Amino acid sequence: MALISAGDKVLASHMPLYAPPHDYQIVYEVTTRDTHFNKIKSVLKKAATEQGQITILPTKFDLNLLINKKTPTLNLTVFNGHFERGGKALFTTKLTFKNPLYVEKITTSKVHKNAFELIKLTEQQGLVIHKIQSKPSYDSLSLVPLSRGEYNRELKCEAALNTSVNAALKNTLEACFKSVPRYLETKDFAVN
């Protein structure tokens, strides 16, 4: 799962795949009573500044808990970088998945490749989620400003789906939403 900060909130995004049971896009607000919460926020702030990635690897659990919008507390390891691609383990902690913000099954039959969903986080901030569809596709999360709870721009971006060029896609999404994506994954959704 990827972690991002959104103001005072910390969000966890399941890193989906096309194969069940991982064929769901899931975003939760997470919290902890553990002393590591401030450390997590600090690590996320540094990662956002450096355009890095923070991921978490929970101990084995049933993903259906999140799909069914339950609020489990999970033991996990926090990584600097992608935990499956050479990320460095930083520390272990517990996180409570307290608020399901987005839970959607990936649809591979739709033709429109650039569909987005806007989730209102606060009156001033929203989260734009790219809806993953058939290959090639990508998973992205971008924070956008809201005015009185409303997004005053168009919720679309005609990003070229050449997912082998991550920097170009990142630049296109930044131009569309006036914000660097906080999370962007292309490798798991490329044409093999």
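A nonpolar core, as used here, is a set of buried Ala, Val, Leu, Ile, Met, Phe, Trp, Tyr and Cys residues joined through side-chain atoms within 4.5 Å, where buried means under 20% relative accessible area (1.4 Å probe, protein chains only). The model is predicted, so to speak of a local feature we ask for pLDDT of at least 70, and side-chain atom pairs count only at pLDDT 80 or more, while totals for chains, interfaces and linings use all residues. Residues are numbered from 1 along each chain as its sequence is written, and side-chain values use heavy atoms, with hydrogens and water left out.

**View 1. The largest nonpolar core has 25 residues.** L3, I26, V30, I56, L95 and F97 have the most contacts inside this core. At least two residues each come from β2 (9-13), β3 (24-31), α1 (36-49), β4 (54-58), α2 (64-67), β5 (73-80) and β6 (88-105). Here helices (H or I, at least four residues) and strands (E, at least two) are DSSP runs, numbered from the N terminus. The top contributor is α1, with five residues.

**View 2. Zooming in on L3 and its contacts.** Contact means heavy atoms within 4.5 Å. Skip the neighbours within four places in sequence, and L3 still touches V10, L11, A12, V30, I40, L44, I54, T55, I56 and L95. A second, separate core has 15 residues, including A2, V27, L121 and L143.

**View 3. Four strands make an open sheet in the order β7-β8-β9-β10, with antiparallel pairing.** Two strands pair if DSSP finds at least two bridges between them. β7 (116-120) and β10 (183-185) sit at the edges with a single partner strand each, so one side of each has no neighbour in the sheet. On average, neighbouring strands are turned by 25 degrees against each other, direction ignored. Axes are lines fitted to C-alpha atoms, for helices over the stretch in contact, and angles run from 0 to 180 degrees between N-to-C directions.

**View 4. β9 meets β10, and α3 packs on the sheet.** Three bridges join the antiparallel pair β9 and β10, and S140 stands opposite L184 in β10. Helix α3 touches β7, β8 (125-130), β9 and β10, and its direction makes about 140 degrees with that of β10.

**View 5. C157 and C176 form a disulfide.** A disulfide is a pair of cysteine sulfur atoms within 2.5 Å; these two are 2.1 Å apart. C157 lies in the loop between β9 (139-145) and α3 (166-177), and C176 in helix α3, 19 residues apart. The torsion about the S-S bond is about 70 degrees, so this disulfide is right-handed. Both cysteines are buried: C157 has a relative accessible area of 1%, and C176 has 18%.

Notes. Buried < 20%, exposed > 50% of the residue type's maximum accessible area, 1.4 Å probe, protein only.
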